[in-house]
Every structure is written in C-alpha cells, then in structure tokens.
Amino acid sequence: MSEIVERTLSALPGLILQDSPSGASSKLGNLIRSITALTSRQEEEKLIQQELANLKVTVSSANTTLRQMKECMVRFIYCEMLGYESGFGYIHAIKLAQQGNLLEKRVGYLAVSLFLHENHELLLLLVNTVLKDLQSTNLVEVCMALTVVSQIFPKEMIPAALPLIEDKLQHSKEIVRRKAVLALYKFYMIAPTQVQHIHEKFRKALCDRDVGVMAASLHIYYQVIKDNPAGYKDLTGSFITILKQVVGGKLPADFNYHSVPAPWLQIQLLRILRLLGKDDPRASELIYDVLDESLRRAEINHNITYAILFECVQTIYTIYPKADLFEKAAKCIGKFVLSPKINLKYLGLKALTYVIQQDPNLALQHQMTIIECLDHPDPIIKRETLELLYRITNGQNVTVIVQKMLDYLTQSKDECTIIALVGKIADLAEKYAPNNQWFIQTMNVVFSIGGDVIHPDIPNNFLRLLAEGFDDEKEDRQLRLYAVQSYLALLETKNAHYPQRFLQVISWVLGEYAYLAKHIPVESVMTNLYEVLKQRSVTSETKAWIVAAISKLTALSPHCSLVDRIIHEFSTCPDTVMRQHVCELKLLRVEGPLTHKLFPLNSSCEDFMVDASLSFLDGFVADALSNGAATYIPRHQRQEEKMSREKALNLQPYGLCFSPSLPSASLTDGHSPSAVSVSSGISGNSGETGQKEDTRLKLDGVKKLWGKDGYLLKKESTSVTSVKPESMAVPLDSGISQSGDKKLQRTDESLVPFTEEEKEKRQLASTLFVGLGSSAVSLMGKAEQTPKKFKRKSKIGGNKVMNEESSSLPSHLISDGEGYTPPTSGTHLLNSDSHTSPERLDALGEGDVSTALFANSNMDIIKPLQSTSPNQGTCSVYHVPSLLPDLAQHPHSPVKESASDENLSIYFSKVWKDDNVLLAIIIVNRTSLVFQNISVHFDDSKNCTISSSLHCQLSQVDALGVQQCWGCVQMLIPCSAESVSGCISYQSELAEPCQIIFCVDFLLLDFIRPLSISTEEFGIMWPSHSNELKRKLTVGQQSFTGTLHNLQREINFHIVEIIGDEGLAACQMLPTVPCLLHCHFSSGLLTLWIRSHSSTLLDCLLRQCQKALEEL
Amino acid sequence: MIKAILVFNNHGKPRFLRFYQHFPEDTQQQIVRETFHLVSKRDDNVCNFLEGGSLIGGSDYKLIYRHYATLYFVFCVDSSESELGILDLIQVFVETLDKCFENVCELDLIFNVDKVHYILHEMVMGGMVLETNMSEVITQVEAQSKLEKSEAGFSAAPARAVSAMKNMNLPDLPRNINIGDLNIKVPNLSHFA
C-alpha cells in the first residue's frame, strides 16, 4: 500500500506539470513558438541565451526530478540543433543516462551521443553506465547501450567493452546480434588492431541464420576487404552464393523492396565482389555468372533496380574484362544515358566517364546525348558531361571542348567548381593546344576567370612552359611574341581590372620578352606597366612583380624618362617594399653595365650561379675584423652560450650604466645581426676554416696583450665604484665571469691583430665610453657577461666599422642582386614583404652599405627626440611620444598610453595602411635607469593574429629613451571587436624581472578598406557572392547622399555609384575579402543588401552599419 | 558511410541534424547553411545529387537529397554509398516517419526531435545502414513506445500536448504545410523511378 502511495506521490509533480499550461513539455512548445515569432538572428540569440540560462538553473537545482531533467534534455537538444552550445548540460545528460529509468536513460544516451565527441573528457564517465547496460537482462537497455557504442565510444576503453559485445554476437535476439556487429564495426574503424582477434567471429556473423545480421557483417567485410583484398579471396565463393540466393528470391518476402529482393544487400555484395575481382582473373571468373544473373533479373522499372544495375556495370568494368558482359553493360549504360529521368542520366554520364578509357567507342554511340547534356539546365549534369569530355579530349576536339568548358566556367559561381575546371582547362590547353594564339587566349581566359583562386601551379607551369620553350626556337619566339602582344592589348584596354595572379604573369612575360616585339617601343610597355602600378587595387606583391619587370626593361632602354618618374614617385611611397625595389632600381641605373649583366636577355632558364657562401664579401669581412669588429656567431651558438651562461650566473650589474645615447646604437635587437656579423658568419661557412685557424692563433696572443692592458683595471674599478649596491656580488661572480671570459675569447677568435693605430682608437673609444657601461669594455673582449650585451657589442663594433669603411657599392649590389633575380628563379619577390625600416631605405638610397644588409629587420631604436647630444645627460621627459614619421604619414589612431608602471609606459597606435593594419608599440622609459631584456609578447587571440615581428626582444631601453616596434595585425575571423592582450617583460638594473600587462582593442572597422571598383565590376561581382543579408533601417536624415556619405565616414567603404535613390558601395576586409553593399532609400527608410563570401563578415558589418546609422 | 543527415525547411531552419562524424558546433551550422544554400537553389526537376563541395571530408563527399513540401532531407555520404540506394533510403525514412506520426508534417519533427532520432537509430547506426525494411523499423519503434506507455502511465499527456500544439497557429509556419503534401505514398515514387 505504502509503495503505491509513494509512487503516486513521486508521479505527482510530473502530473501537475503536464496538466498546467506552463508544463514541461509546453515549455518546449513555448520556446519553439517564441523562436518562430522572431525575425532576426540577434533576437533569437538573446532568447536562446535566456532559455539556456533558465535551463542552467533548472538542471543544477537539487529539486529537479529526473523526469523534468528529461524534458530539459530535449530542450537542450533543440538549442544545440540551432547552434547554441550548452556545455553545462553535458554532465547532466550523462547523469540522466546513468540514473534514469528506461525512458529517461534513452534521452540521456541520445543527448550524450549528440553533444559529445569521441575525445571528450566527460565521455569516460559514461563508460561504466554503458558496461552496466550491456550486461543488463533488459533487451531495450542492451540495444540502447549498443547504439550509443556505435555512435560514440572512447578508443582507450574498447578493451573493457569488447568482451561484452563479443558475447552479444551469440545473443538469442537477432536485433542484438545485428547491433553488436555494427558496434564491432565501429571498433574496427577507430582501432583496427584491437579487434583483430575476433575476425573468426565476423565469419560467424556472415553465416548467421538471420539475414539482417549477415547484412550488417557485410559492412565490416567491405571495409576489411578494401584495406586488404588479398586476405579474403577465399570468401569470394561465399559472397557469390549469398548474392545468388538473394537474386534468386530465396529470402523471405519481407526483405523485398518494391518486389526487388533485398536491393541494398545486393548493392553491398556487388561492391564487395568488385573489390575481390579487381585485377584477379580467377576471382573474376567466378563472379561473371552472378553478374549476368543480376543484370537479367533487374528489369523492373524502378529506381532501386537501376541502383543495382549501376553497381553491376561498375563491377563489370572494374573486374577482369569479359567481352559479352561488356556488351550487356554497354547496353545498360545506354539505358541510363537515354533515360528521360535526370537522376539516371546523371549516373549514365558517370558510368560513361568511368568506362571511357576502356571503351571509347561507347562515347561515340552516345555522342548526341552527350551534346544535349552539355546544354542541360542542371549545372550538375553539365559538370559531369564536361568531366566526361575532359577524358576524351584529344588534339582534334580540344578547341571545342575547351570552349564548352569556358562557357560553363563563365557561368559558374561556385569556387570549388571554378578551381577544378580551371585546372582541367589549363591541363588540356597545355597538352593539346593547336596553335599559339589559341593557347595564349585560352590561358588569358583561365587567368582572368580563375582569378586568384586558381591553383598556383597553373601560372607557374605556364611561365615555365614559356620560358623553357619547345624544341623549335622559332616556334618559341612566336609564342612569346604573341603572348607579349596579347598582354599589351589587354593592358591597353581602358578600365580593365585583372586578377593579381594574371597581372603577375603579364608583368613577368613583358619583362622577359617585351624585346621580341620590335615594333613596340620599350617605353610604351613601361607606360602600360606603370599604369597598372598606379591602380589602387594592385597588391604589393604584384607591384613587386611589376617593378621587377620594369627593372628588366630598364636594361633595354636605360634612358627612359619614365623610369625617372617611377623612381621619383615611388621612392617616397609608403609601401616600404616598393621603396626598396625602387631604390634598387635607382642604384642599378647608375651602373649601366651591371644592369645588363644582371638582366641578360632571354635567359630566364639559365642557371644562376649563386654564391651562397657570399665569399665575395670575405675581403670586406676581413677588413671589418681587422678594424676591430667582433666575429659573427650564429644564432644557435649564441643561444647555447646564453644558456650556459645563464646557468652559471646572471651578472646583471654590469649592465648598469650603459649610455642612453651611444652613437648609432640603433641596431640592437636579436633579430638583426649587424651587417658584418652576417657576412662574416656566412663566409665563415664557406669553408675557409683554415684561415680562421690562423687568425685564432694570432688572436690569442693579442688577447693576452689586451688583457694586461690597464683596461681591465678600469673596468673593475668602474664596476666597483658605479655599481655599489652590487659590489657584494662581484667577488662571488668573478670566478665564473672568468670562465665566461675564456669562452668569449674563443668567440672572438677571428679578431685579427690590432695595429698600433687601431689600438689607439680603441683605447680612445674605451676611455670615452668606459664610464657609460660595459659595452666599450666588452669591445676588448673583457667582462662580457650577458649574451645581450655581447650582441650589442658586436653591433657597435660593426657599425663603427661601417662608418669608417667606404665600402664598394658593387659588392653590395651583387649581393643584393641575387635577391633581385626575375621571379621565375624563385619566389623571393613574394617573400619580400618584410617591413624594411624606412630610415634604412633612405640610407640605402644614399648608398650606405651597412643599412642595406638589415633589410629584414623591422625594429629600430629611436633616440629621444629631445636629447640632441650624447653628452646631454638629462633631457626633458616628454609626454606623448610620436610615431616614426613613416608610420605617421598613414592614417593612424592617436598614440595612446595603454599601460605603464613606475618605470616604463607603453603607448600604442594603430596604423591603417591601405593593405594592412600595423600596430606600433612605443615603449618609453620614464626613469634615468636602463632596462634590459625587454620582451614583448602577445597572447593568442581567437580572431586576430599578430605578426611575429611584434613578439620581439629588445635588448634595452636607455634612460629616458624610447623604443618603437611595429608589426602587422590580421583579423582572421570577422568580429566586431577583439581585444588582444599581452605583456611586456623587462629587467631592471637590479635584475628584477618586471612585467606590464596591456591590452589593445581591434575593431572590425580597423580592417575595412574601400574597394575601388567600377559599377560594371560591381555588377559582375554581385552575383558571385553567395551570402546575402538584407535589413531595413530607419534613418533620421532625409537626404540619401548625405546619409550615405555619413555612413561612409563611419565605415570606410567606396561609393561606387549613386543612382537616384539607389546606391552601390564596396569595401573589403583585409587582406582581400570583398563586401558589396546595395542600398535603397525611400522616405527615411534605408534598405541595405550586403553580400560577401563570408557570412560572419556580413553579420558584423551589418551591425556596424546599424550602429553607425543610429548614431547619425 | 553516411557522414551526416540534415533536415531543414525551405527557409534553411534546421529541423533535425545527425552527424556521424564529429564537427564543432559552428562548423555544423556552417555545413547546414552551405548545404541549404546549395540545395535550395536547385529546381525540383534537376537531379537529386550534388558533388564538388568540400564541406565534409573533402572531395570524397556527395550530397543526396529529397525535397518534400516544406522540408529538405539531405544525406551527406562518401563514395562508398550508392546514390540511388541512398535516395531510396531517404524515401524509406520519410515513409517510416509518416507511419509513425500518422501523416507526418514539419511540426512533428520539431516537437518530436527525440523520437525522430529513435526511429533513425533503428535504420542507421554509426553511419552504416542497419535496416531498410520499413515494417521491421516500425516494429522496433513500436516496441519502444509500448515500453513508454507501460513505464509512464500518463504518456498520453505529452501526445495530447503535441497535438494541441499542432493545431496552434504558429506565426512562421503557414497552416497549409500540414500533412497533405508531405506524405509521399508509393504512387509518387514513379516520379523518381
């Protein structure tokens, strides 16, 4: 009695809930109803978040019954289906599967299998429940457990479940056996080695008295035979027997589907036999009969019989050939191809494509149908037809087929299709081109339509083909000449825009082969290229190709006035890469003969002799060394040393009094070893160790000499006097620092003996700088403590040498010329996108060798602007630092302080360049101390990437000094705003590591740039963008143009055209995600259509528009 | 192998999703969106197969779909499945739903997502076809619903609630979506055959 009462009571809440209007199940109803009432995604998101919050409260409440939990799970499933993650519910799903009664358990299992994935950590919690249910006497529980195992099971727990599931293969119920087989299939898929021992049991399943179990085991067999066909040849007979029985109608009638006996089973068996018969005449021999039988029986005109026929045909053409089966299969294919039903036609074409290599005549038989299919309204059929044509292309039909493909290409918008098709066209054009004109024109279409999505191999192969040529020299000339003429014609077309890849191809060809077109003056070619160069849409990569072409053309016509103009125009251009190239061009012009040597005519295929060891610099290096420069130590070696030293002791005190204003201390970061170091290091690799040995020997003597110099004493006295707080540590350290000295002596091994004069200079230097810090001292190879300083020293040394040396220009040019060969020889032009420091480029223009070799550095130390002379020890602390002039000339955000501590202040500015966004970090030292080992680190951000040049190390910030570094920021996934945090760590003199944490916010609008396109281009681009958002917005303003311009001020887009009350605008998210806007204005209502490839970008941009309009 | 089964309506709203290969939540939604984009563009008189996408598993991937009244049933499969075979499997699935829900409509799927999953469990397990015989599937499902009745004595209540909901006028769903067009009986098959 009491039991009944209890049950009633426990059921009561459920009953009440069911009956009341706010009951659990109508909660789902409410949810669904309110969702369907919503119109915008934002509203939906809000509602679901609210719902999830409610659910969270409910599921975590202790009073929630399992029944209510079950209802909650269904709502969870619904939310997840709409794309809202509800991680907090997962554990409750597992709990429900553990604790619930059958029905609740079922929902729990379902939720788990929908929410979790194989490697989810919570999944382990489910294992026990599954094992328990597998052993249950209740059939339903066993089935549920098997189902969940086949959907999701942790790999490492297989051994626990395997014996239980193996047992189930002997279960009396066929449904359990069947599910057990599929569970084992799952195990085979995720861990084949674990189920190896039960292959015997698979065979038993294959011979099971129940057809369903046998059918399930075929899944396993298909997989294992696919993996190892040779291992299962003995089963061929069995499969054939089964198929014969099925085809012969021996199965119970309830296996029939539309009176076809077990069609899916037949399909599966035919597929297995195909695998077994492939390349095996003996197995094939056995299969012929049953294939014949299948073909004969499958005559009812139903979808599913065609499915069987299709499998038969494929099997016939896969296994060892037999003539009369071929005939029958061909007839079958005919049935498919000629069928009015479009699905069958599609499969017919597929079958034709499959067999065409073996039986080309079949295509002839159906040629008319194929031609019809070419104009079929269904693009999928067309595509399949083109695929078929691609296989039968030869020298005669190539023009027609390629024309058809091009027609299709111009219509298709799907990127995958374009990429695949363009590849095929390029392939065919190369293989079968009937003449030059056709080839070039076809490739022109390929490049213009394929745009920048084409596989990079295509332009590369094309250029190689042009460059390498054929056997016939005359033919080559004609091809190239035609290419040049055709490209010039293209460039002369007004207002034409071509994809970047195409422009690169054009500029390369013009640069290499324009000389072939004798009737066209080089100047006019250059003018055309110059016009392209001026286009705003051209990326800096393409610009580099164009300038390379112009450089080559300059060799042909050295006195062209246009070159001067280009040099003039671009030597001040903001794009540093461009500037570098133009500066090189400028220098090359001075050296006429050198230009010819660098750019010989028609020699793109000649092998370049590249002196990778840079041995030509050896003299230069030797000079530098003899002037006292330190040897270059490769980075890894430096690091090793650093490690070993760090292990020994950190002798920070010596860093104390480094001058804030050492002359030309502007090259001190780990990334940019000084000029001399680089060259000497590389030449050191060139195998001149013998010479090195010599110098080392001499050097040792010198070292000692210098060791006895008064210098050392001075040094010691300095450290004692000026570093009083640390003096305690010095004696303790000295023993180790001694060993450091020794090591250092070795690293300085290649120092050549000093001459008297030099000694004097050095002495002067050391006396001058000795009070300023250890650097001057370390010049002598003494008391070098920290690796950082060692680097600095080497740089100062190097720089001094630079200033003293009047190095020869040609040597620099040759070394640089290697990096300036035409694009074919390498892709360095593509890589040259590093941000060369503007100062250095200027210097390069003046012919200063030292700077040119730093081209890869992106960092600079700027002396405080106010501190004019090195001796002016105290200078006024200035408040807001300014950006480098080169960055400041771009639009940029105001320099803002983002974080600071008592020593350093960190300022930021975002520089909005046309083609990227730079983040400049300015570190200002507000104290009169020197800080060292400053490292800037950014945390990973989901949506943005910070270029590695900003994860940098600065060796030090001088007293009241300023350091600036900058790097590129990219937004990978569009989002309205993303804040990126990071930290700057540094060491003070007391060797205390300090850290400043900062945070920079990036907005989507930082990455939006106008996209200057014409209305025609807009028209072309519009349909090719698949994602669209439409929104009606109310605007206060009455003037449409005014609204649009106001909007433009907020969102940096380009207004393409305004026609009456309609407007077109275009912008792009960097690097190149175009976004098109179409707006219509009528009586205060602005309707916006936005299209782009990226739907997230659309969402974000629309939100920005909305916001901007609200603020107006 | 079947990689995923997607059911969405004519507006691209997901009504039933089952993935047999794990994808993160946002990728799943992306797949639904793009599949809808691909499928919805196609007329009813073109073929039921789509290839060349790269959403799931790269090139070895095709979409086989059927459009019933307000719903698209899309099966994403790899090359080891037969196109026509899957096409008929979709038919079997829908016919089974029709039997189990007595004239199935979009609302049945919305309110009984769980039940649809159980029906599918009997047909496809872990991406492999388990059972293609409709009556066998229905027997299994009915055995489970019997269990439902015996376990929860008042199981009629939720059913009542659902039928009440069915008759409610939901703003977004036109009334006429009900039943009629969705129940595709054998005669209609000749269209596909």
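1. B:Phe8 has B:Pro14 as its bridge partner in strand 2 of chain B. This is a predicted model.

2. Now the interface. Chain B gives 73 residues to the contact and chain A gives 75 residues. About 6,700 Å² is buried between the two chains. Carbon and sulfur atoms give 61% of that area. How many salt bridges are there between chain B and chain A? The count is 7. One salt bridge joins the side chains of B:Glu51 and A:Lys350, at 3.1 Å from N to O.

3. B:Thr132 also touches chain A, through A:Trp264. Within chain B, B:Thr132 is in contact with B:Leu89 and B:Val92, leaving aside neighbours within four places in sequence. B:Thr132 lies in the loop between strand 7 (128–129) and helix 5 (134–151) of chain B. Is B:Thr132 buried or exposed? B:Thr132 is buried, because its relative accessible area of 19% falls under the 20% cut-off.

4. Strand 6 (residues 917–925) of chain A deserves a look. Buried residues account for 9 of its 9, so strand 6 is largely enclosed by the rest of the structure. Both faces are covered by this description: A:Val917, A:Leu919, A:Ile921, A:Ile923 and A:Asn925 point one way, and all are buried. A:Leu918, A:Ala920, A:Ile922 and A:Val924 point the other way and are buried too.

5. Which strands pair with strand 6 of chain A? Strand 5 (residues 904–912) of chain A does, in the antiparallel sense, over 9 bridges. A:Ser909 stands opposite A:Ala920 there. Strands 5 and 6 of chain A form a hairpin, with 4 residues between them. Strand 10 (residues 962–971) of chain A is also joined to strand 6, antiparallel, by 8 bridges. On that side, A:Leu919 has A:Gly967 as its bridge partner.

6. Chain A also has an open sheet of 4 strands, in the order 9-7-11-12, with antiparallel pairing. Strand 9 (953–957) and strand 12 (993–1003) of chain A are at the edges. Each has a single partner strand, so one side of each is left without a neighbour in the sheet. The twist averages 25° from one strand to the next. Strand 11 (residues 977–987) and strand 12 of chain A run antiparallel and are joined by 11 bridges. A:Val980 stands opposite A:Val1000 in strand 12.

7. Last, helix 27 (residues 500–513) of chain A. Its 14 residues reach 20 Å from the first C-alpha to the last, close to the 20 Å expected at 1.5 Å a residue. Of those 14 residues, 13 are buried, so helix 27 is largely enclosed by the rest of the structure.

Methods. Residues numbered from 1 in each chain as written. Chains lettered and ligands numbered in written order. Predicted model: local features only at pLDDT ≥ 70, side-chain atom pairs only at ≥ 80, totals over all residues. Heavy atoms only, no water. Pairing = 2+ DSSP bridges. Helix = DSSP H or I, 4+ residues; strand = E, 2+ residues; numbered from the N terminus. Axes fitted to C-alpha atoms, helices over the stretch in contact; angles between N-to-C directions. Expected span 1.5 Å × (residues − 1). Buried < 20%, exposed > 50% of the residue type's maximum accessible area, 1.4 Å probe, protein only. Contact = heavy atoms within 4.5 Å. Buried area = accessible area lost by both parts, 1.4 Å probe. Salt bridge = Lys/Arg side-chain N within 4 Å of Asp/Glu carboxyl O.
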